[in-house]
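Here is a short tour of one structure, meant to be read with the model open beside it. We will look at charged pairs, then at a helix pair, then at a single side chain.

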Amino acid sequence: MTANAALQPIHAPVPHRIRQIVFAILVVTCGAGIANVFGRFEQLRHLAATYYHPYLIQAGLSDNFYIWYFLSSETLLALTFAVTGGIIALHRSTTYVTLFAAIALMLFGVTVPPPMHALVTLQGSIHPLLCFVHAIGFALFVIFLYIFPDGRFVPRWTVILSIVLIGWSLMWPFYPPLNPYRWTHALPFLVLNFWFATGIGIQIYRYTHISSPVQQQQTKWVVFGLTAAVLGDFITHIAWYIFPSLQRGPDWLLQVAHQPFFIASQLLAPLAIAVSILRFG
């Protein structure tokens with residue numbers, strides 16, 4: 001059997017019933033993200049009352065402004081990931097490869113890094129189910145970059161990377177010191193974006209060596225979205241990396257100013273993937 005013949009099943013449209021079942025399971029699983037929203041609300045309320053209240057009052061703003069400003073923007077980001085994944089999952093031309101992408105988007109998006117990182121680093125604990133969903137979502141999202149758009153692991157050693165990534169991620173709920181979202185300073189950014197960088201590198205390799213013209217168009221969108229998200233994360237947080245002492249009070253205005261730019265850069269990832277899949281097949 002040729003390689004193209006072997007790949008035909010994963011490129012065949014997924015039966016409607018299977019798409020519905022997968023979507024229903026994802027919706028139930030993503031319900032764990034509700035705990036994230038409530039937990040993040042309590043955390044923001046604590047931050048506003050404990051650290052930022054005097055600065056907010058001085059600027060003529062309320063604690064509620066601080067809470068809802070961040071909670072609404074972070075919720076928009078998570079919902080964009082989830083809704084984008086849901087649209088792809090339910091689309092009539094969805095294949096098994098793009099269904100994998102939908103699963104990755106929905107699971108990663110429901111525990112999207114900004115609120116999750118804040119919850120873990122400040123509270124020190126997290127519900128095991130939510131941690132498990134987050135770990136799986138992160139691993140699947142990176143693996144999606146290894147196999148998109150044809151479903152193959154190219155180069156072959158990406159299989160080893162995937163096994164290492166899954167094994168490491170699945171240890172997060174059981175051995176918290178391995179969870180990068182518990183680490184401090186720039187370590188979470190460096191380690192997590194190392195994995196994203198491997199995915200972007202694989203996409204570039206595919207573009208230059210094996211992709212067809214249509215697949216190259218798909219790759220352009222995916223690389224653009226992920227690169228913009230990674231750079232946006234770095235650029236909008238660089239002040240805290242350079243000046244770690246700038247926190248808990250004096251940085252409130254910097255937080256408010258950077259948030260829309262950060263959210264906009266992160267939104268490019270799911271939207272670019274959606275264009276790649278829905279526009280080019």
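With which residue does R152 form a salt bridge, and how far apart are the closest N and O atoms? In this predicted model, the partner of R152 is D150, and the closest N and O atoms are 3.0 Å apart. R152 is partly exposed, at 31% relative accessibility, whereas D150 is buried, with a relative accessible area of 5%.

D150 also forms a salt bridge with R206, where the closest N and O atoms are 2.9 Å apart. This second pair links distant parts of the chain: D150 sits in the loop between helix 7 (128-147) and helix 8 (158-170), while R206 belongs to helix 9 (residues 187-209), 56 residues apart from D150. Both D150 and R206 are buried. Taken together, D150, R152 and R206 are linked in a network of salt bridges.

The count for the model comes to three salt bridges, and the table lists them.

| Salt bridge | Closest N and O atoms |
|---|---|
| R152 and D150 | 3.0 Å |
| D150 and R206 | 2.9 Å |
| E42 and R45 | 2.5 Å |

The pair E42 and R45 lies in helix 3 (residues 33-58); because these residues are three apart in that helix, they are separated by about one helical turn. E42 is partly exposed, with a relative accessible area of 38%, and R45 is partly exposed too, at 42% relative accessibility.

Now for the helix pair. Helix 4 (residues 63-90) packs with helix 5 (residues 96-110) at an angle of about 160 degrees, and their axes are 7 Å apart. Angles over 145 degrees count as roughly antiparallel, so helix 4 and helix 5 are roughly antiparallel to each other. The crossing of helix 4 past helix 5 is left-handed. On the helix 4 side, the contact is made by A78, F81, A82, T84, G85, G86, I88 and A89, and on the helix 5 side by T98, L99, A102, L105, M106, F108 and G109. Sorted by class, this contact of helix 4 with helix 5 has 10 nonpolar, five polar and no charged residues.

One last stop is Q266, found in helix 11 (residues 252-280). Is Q266 buried or exposed? Its relative accessibility is 14%, so Q266 counts as buried, the cut-off being under 20%. Leaving aside neighbours within four places in sequence, Q266 is in contact with L77, F81, A229, G232 and D233. Among these, F81 also takes part in the contact of helix 4 with helix 5.

Technical notes: Residues are numbered from 1 along each chain as its sequence is written. This is a predicted model: local features need pLDDT of at least 70, side-chain atom pairs count only at pLDDT 80 or more; totals for chains, interfaces and linings use all residues. Side-chain values use heavy atoms; hydrogens and water are left out. Helices (H or I, at least four residues) and strands (E, at least two) are DSSP runs, numbered from the N terminus. Buried means under 20% relative accessible area, exposed over 50%, partly exposed in between (1.4 Å probe, protein chains only). Contact means heavy atoms within 4.5 Å. Axes are lines fitted to C-alpha atoms, for helices over the stretch in contact, and angles run from 0 to 180 degrees between N-to-C directions. Angles under 35 degrees count as roughly parallel, over 145 as roughly antiparallel, 65 to 115 as roughly perpendicular and the rest as oblique. A crossing is left-handed if the near helix is turned anticlockwise from the far one by less than a right angle, and right-handed if clockwise. Ala, Val, Leu, Ile, Met, Phe, Trp, Tyr, Cys and Pro count as nonpolar, Asp, Glu, Lys and Arg as charged, and the others, Gly among them, as polar. A salt bridge is a side-chain nitrogen of Lys or Arg within 4 Å of a carboxyl oxygen of Asp or Glu.
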